[in-house]
Amino acid sequence: MVAGWLLSGGDGFPSHENNIKYIFRECSVKRPFHGWSVFRNKEQNYHIMAEILDVIVIGAGIGGLTTAALLQERGLSTVVFEKNNFPGGSCSAFRKGGYTFDAGASVFYGFCDDDTKGTLNLHSRIFRRLGIDLPTIPDPVQIHYHMPNGFEVPVHYDRHRFLECLYRRFPHEKEGIRRFYAELESVYDILNSLPAGSLEDVLHIATVGSLHPLKAMSLGLKTLYSMGGIARKYIQDEELLRFIDLESYSWAVQDALATPLVNAGICLADRHHGGINYPVGGSGAIPAALVKGIEKFGGTVRYGAAVEQVLIEDGRAVGVRLAGGQEFRAHAVVSNATVWDTFDRLVPDERLRIPEERFVQAPSWFQVYLGVDASVIPKGFNVHHILVDDWSRYDELGGTIYFSAPSLLDPSLAPAGKHAVHLFVTAEAWQWERYDGKEPEYRSRKEEYAKSLLARTERLLPGLSGAVELMVTATPQTHERYLNRWQGSYGPLLHPGQNVLRKPQNRTPVENLYATGDSTFPGQGVIAVTYSGVSCASSIARQLGKPLEYL
């Protein structure tokens, strides 16, 4: 047993019926599955004959694709089954009206080519291992925060510039600021020297412990603390502590007291070392590159293939059944679904259902994708922004606005003289469940709410509402429908005060069934699920007799 276990014209992320193209789907089956024969019927379905796969991966999110790519490169036969007609999940991209939009994330860690900088630089190391080139563009400011009472903080890549901004506003807290962010640096220093691997792999733990005994012990101690607890050890100013809470909320959707110090050390220190780098062509370039790696070494990603059930025999996962009834067998099965979707839907065992109290369910999102006239964005404007109007509401649904304009970095994302803009707020499925997605009332309510968010964002960009030429919207129901995520949730979170190691690892209570993605350690975010994929691949590869070399 494991330790822790819009669309303006209608609902949904854009689909072909709405004349919107998903991009970066470059993966078709161009060769036989490694080691056995394949045939295709008139409906273009691929069938594996005679032999058993090494690994089946359910879902082409970043965690699943990372797992599959590393295992396939190691010579283990893998197939990824994906419900949609595009890879990436929340890290996909789509086109409409000449614009390219990131479906979700656009702040990316792990792309520094200098391995002496950045926590593990997992993306760069993975693509180097796969022999795949993925060009990126450095972003000099991670996020520009806009808060009440004229409090603004641009988080520069240059750590000293960032800290000087805080020193100017809070001169009486200079020593506390220095000491708090030094704690985050100490976490970074430890993580940057330790190789990525599975915490369930005894040999990996023994190797790390023998090579870096003091750092391993220190990291273990730091898992006992929260980001907010350490901040309050050094800092008393309430406004500054609110900013630190917001720094945590911006990526963890929890305040600093509920956020493990180790996770904070990755995100809030690495930005000043490896930095933030945006993939050329948008977020969808990341899953596309992983798919290229899978195919390069003989694996495949099969689209339009929704997995209906994990097949279990004598307590062991032995394969999957697709919605169309086809069954595929493998020595190991990996679920890239959420923990709720895995054990409440895919695994047919009532005893393994997830109790409601086991995790905090993170909210979902209401998202607005805009094509705007470039004149509304002034010269020198930063790419990513967070807006808070009222400190008492920042962690309520819709209380904080996230804003990005990635075409400022990559002009290919928008037509000449235009910009692609993305803004979103937290939301819950229950707020929209009374609407029928096919009815005009649903569309009008989405448009009404989107306009209210634009009006609030005019504090940042005056005239934004009048500069819009294209608008696409998405609700939590959109996320649930297209991403197969329970109630569209951002994923399971630990309860405040729980040790970060209580996050489920890759092994599950079902033998030969593994998990990857944001339901597993270390949690939410593209770089976090990439780590989860590396860890999962490491664990499976060792079990199947072909252990991974460290990246």
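Colleague: Which residues in helix 10 are buried?

Modeller: This is a predicted model, in which local features need pLDDT of at least 70, side-chain atom pairs count only at pLDDT 80 or more, and totals for chains, interfaces and linings use all residues. Residues are numbered from 1 along each chain as its sequence is written, and side-chain values use heavy atoms, with hydrogens and water left out. Buried means under 20% relative accessible area, exposed over 50%, and partly exposed in between (1.4 Å probe, protein chains only). Helices (H or I, at least four residues) and strands (E, at least two) are DSSP runs, numbered from the N terminus. In helix 10, the buried residues are Ala285, Ile286, Pro287, Ala288, Ala289, Leu290, Val291, Gly293, Ile294 and Glu295.

Colleague: Why is helix 10 described as largely enclosed by the rest of the structure?

Modeller: The description holds because 10 of its 12 residues are buried. Among the elements that cover the buried residues of helix 10 are helix 1, helix 2 and strand 11. Just after helix 10 comes Gly298, with a positive phi of about 100°.

Colleague: Against what do the buried residues of helix 2 pack?

Modeller: They pack against helix 1 (62-73), helix 10 (285-296) and helix 14. Helix 2 spans residues 122-130, and seven of its nine residues are buried, including Leu122, Ile126 and Phe127. Gly131 follows helix 2 and has a positive phi, near 70°.

Colleague: Which residues lie nearest the centre of the largest pocket?

Modeller: On a 1 Å grid over the protein atoms alone, a pocket is an open set of points where a 1.4 Å probe fits, with protein on both sides within 12 Å along at least five of seven lines; lining residues have an atom within 4 Å of a point. Here 38 residues line the largest pocket, and Leu191, Val262, Ile266, Phe521 and Pro522 lie nearest its centre. Helix 8 (238-252) and helix 9 (261-270) are among the elements that give two or more residues to this lining.

Definitions and conventions. Contact = heavy atoms within 4.5 Å.
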